[in-house]
Amino acid sequence: MEEKTLPRILGFLCKWCSSTGADLAGVSRLKMPASLIPIRVMCSSRVNPIFVLKAFLGGADGVLVSGCHPGDCHYQSGNYYTRRRFAVTKKIFEELGLDTNRIRLSWISASEGQRFVNVVTEFTENLKKVGKNPVKAEVFL
Amino acid sequence: MKSFKIPKSPDDTVKDILLFLLKNEKVGSIFALSKVHNNNHAYTLITDKELLSNITPTYPLMLANAGKMISRLTMIEAVKSPVAVVLRPCELRALFELVKLEQAKLDNLLFVSFTCGGVFPIKTKKDGLENKLKEYWENVKTGEDFQELRESCRICENFVPDNADIILQLAGNDTNTGTSVLIKTEKGAGFLEGIRDQFDEGSLESTTLDTIRGKRKERKQKTFADLKTEDFGIEGLINIFGRCINCHACSKACPACYCKLCYFESADSESDPSTFEIELKKRKAIRLPADTVFYHLGRLTHVGFTCVGCGMCSDVCPTNIPVSTIFSKVSERIQKAFEYTPGKDLEEKVPMSIFEMKEFEDVED
């Protein structure tokens with residue numbers, strides 16, 4: 001019953017850090033809300049801002065972009081570009097009155113299973129407060 | 001800065017300069033706005049001196065962004081013989097951006113531009129633009145706001161073509177008795193060597209220009225504030241972009257939108273029947289054409305850095321969406337956040353191609 005009221009989060013996780021971190025959380029049997037739908041990408045910089053927008057306008061309550069900590073990118077500098085792209089997306093959200101609470105950029109390393117759980121739990125709690133994505137009720141997109 | 005005055009109208013002054021360049025074989029061809037059959041206008045590439053009489057470079061109409069046109073011309077290879085290009089400041093800025101994005105090459109191009117008084121929306125052409133010309137030039141002289149111009153021109157602060165080689169002084173200047181020409185660069189001086197025995201000293205900046213700039217800035221701030229984009233939210237976006245017919249004209253006309261295969265025109269963005277079914281289950285109804293808000297937001301993420309505010313997008317919009325005003329406003333904020341001025345300096349890297357180790361700490365955790 002609880003699952004139905006859970007916010008739905010679409011997560012773009014980089015293969016080398018965040019996705020492995022999520023696996024670690026899994027094999028460590030850590031508990032977290034079942035709100036995240038993960039999509040594994042080779043690098044967080046693969047996430048075109050268009051993906052975030054598509055997810056948001058498609059009705060996701062939240063969109064998480066997650067990669068290696070700055071300096072730890074498997075491809076040296078991918079996540080620095082991710083950060084710039086995310087900054088633009090966030091700026092556009094701010095300027096057009098869209099809720100920036102719905103998008104999040106978190107660095108999670110392969111060893112941070114607990115941090116992955118914390119991020120997902122915290123994001124889910126925040127989104128519960130923010131409420132359902134109003135986009136869901138809109139027909140005219 | 002070297003300058004000289006030609007006792008002719010701005011258009012004829014440009015013609016004189018270009019004729020000098022062509023006659024002395026300093027350039028092989030001319031790129032400028034011309035009058036073509038039956039009082040239509042178009043950008044043209046000219047090599048024939050006779051055809052020079054048809055050019056109307058300061059005619060207040062922008063049918064395409066010349067930056068984009070020059071990019072078409074020089075994308076694969078730089079032009080072989082020198083071309084004199086007459087264009088407006090925003091077009092020059094757009095071209096500089098395209099050069100940074102490796103979509104154009106500047107070699108062998110000589111830029112002639114002018115302090116710009118703005119242009120009319122394209123549709124004014126059929127509503128009798130000719131009758132408004134007198135009033136237009138009066139307003140260029142005084143620098144007063146002219147309501148019939150493009151919105152983007154009325155709020156434009158960057159009407160001085162900093163990167164041009166040769167600059168005609170129009171805005172804030174009385175051109176009835178003649179037109180002042182400034183030679184901004186060494187390159188310009190080289191090309192114009194011998195056009196005069198001696199030159200005067202001139203300056204690009206003046207208090208008049210500052211006043212005009214101040215007025216336009218004030219207008220811009222007011223226009224941006226009135227737009228209230230911060231209050232849009234999803235509902236506001238649907239209200240504004242709800243009348244979009246997905247024709248993609250704004251993207252076709254936009255100099256900053258340079259992708260050969262746009263995501264929004266690719267197979268990736270097509271929805272198959274099952275997608276519609278899923279959407280229908282979720283929403284009970286869907287709008288067609290779909291994804292108009294998505295298209296505009298997506299385009300914003302792509303052109304936000306490069307937008308030079310030329311106003312082509314608004315002008316070509318068949319449903320009168322104030323695309324340019326919204327894009328200019330959001331872009332201004334993005335450019336401020338990245339401390340980037342599009343089209344100003346070729347050495348300044350495009351924000352998406354560089355990064356700092358420590359920055360934007362407020363967006364990450």
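How many salt bridges does the structure hold over all chains? The count is 37. The model is predicted. The legends below take one view at a time.

Figure 1. Chain A has five helices and four strands. Follow the sequence and the order reads α-β-α-β-α-β-α-β-α. The C-alpha trace spans about 40 × 35 × 20 Å along its principal axes. A compact globule of 141 residues would have a radius of gyration near 14 Å. Chain A comes out at 15 Å, which agrees.

**Figure 2. Chain A, inside and out.** Of the 141 residues of chain A, 53% count as buried. The chain exposes about 6,200 Å². Carbon and sulfur atoms supply 53% of that area. Now look at contacts between residues at least 6 apart in sequence: in chain A, 78% of them join residues at least 24 apart.

**Figure 3. The charges of chain A.** Chain A carries 20 positive and 12 negative charges. Take the mean position of each set.

**Figure 4. A salt bridge within chain A joins A:Glu112 and A:Arg115.** Side chains of opposite charge can pair when their charged atoms come close. In this pair, the closest N and O atoms are 3.8 Å apart.

**Figure 5. B:Asp16 meets B:Lys8 in a salt bridge.** The N to O distance is 3.1 Å. B:Asp16 has 27% relative accessibility and counts as partly exposed. B:Lys8 is partly exposed too, at 35%.

**Figure 6. B:Asp145 and B:Arg219 form a salt bridge across the sequence.** Their side chains meet at 3.6 Å, N to O. B:Asp145 lies in the loop between α4 (133-142) and α5 (151-154) of chain B. B:Arg219 sits in helix α7 (residues 207-227) of chain B. The pair therefore ties together parts that are 74 residues apart in sequence. B:Asp145 is partly exposed, with a relative accessible area of 36%. B:Arg219 is partly exposed as well, at 23%.

**Figure 7. One salt-bridge network includes residues of chains A and B.** Which residues does the network join? They are A:Arg104, A:Glu112, A:Arg115, A:Glu122 and B:Asp365. Salt bridges that share partners link them.

**Figure 8. B:Thr301 touches residues of chain A.** This threonine is found in helix α11 (residues 292-303) of chain B. B:Thr301 counts as buried, at 6% relative accessibility. Which residues does B:Thr301 touch, not counting residues up to four places away in sequence? They are A:Pro49, A:Ile50, A:Leu53, A:Val88 and A:Ile92.

**Figure 9. B:Thr44 is a buried strand residue.** Its place is in strand β3 (residues 40-46) of chain B. The relative accessible area of B:Thr44 is 19%. Buried means under 20%, so B:Thr44 counts as buried. Leaving out residues up to four places away in sequence, B:Thr44 touches B:Ile30, B:Phe31, B:Ala32, B:Ser34 and B:Val36. How far is B:Thr44 from B:Cys153 in space? The two are 23 Å apart, C-alpha to C-alpha. In sequence, B:Thr44 and B:Cys153 are 109 residues apart.

Technical notes: Residues are numbered from 1 along each chain as its sequence is written. Chains are lettered from A and ligands numbered from 1 in the order in which they are written. This is a predicted model: local features need pLDDT of at least 70, side-chain atom pairs count only at pLDDT 80 or more; totals for chains, interfaces and linings use all residues. Side-chain values use heavy atoms; hydrogens and water are left out. Helices (H or I, at least four residues) and strands (E, at least two) are DSSP runs, numbered from the N terminus. The radius of gyration is taken over C-alpha atoms; the globule rule is 2.2 Å times the number of residues to the power 0.38. Buried means under 20% relative accessible area, exposed over 50%, partly exposed in between (1.4 Å probe, protein chains only). Contact means heavy atoms within 4.5 Å. Accessible areas come from the Shrake-Rupley method with a 1.4 Å probe; for residues, only the protein chains shown count as cover. Lys and Arg count as positive and Asp and Glu as negative; His and the chain ends are not counted. The place of a charge is taken as NZ of Lys, CZ of Arg, CG of Asp or CD of Glu. A salt bridge is a side-chain nitrogen of Lys or Arg within 4 Å of a carboxyl oxygen of Asp or Glu.
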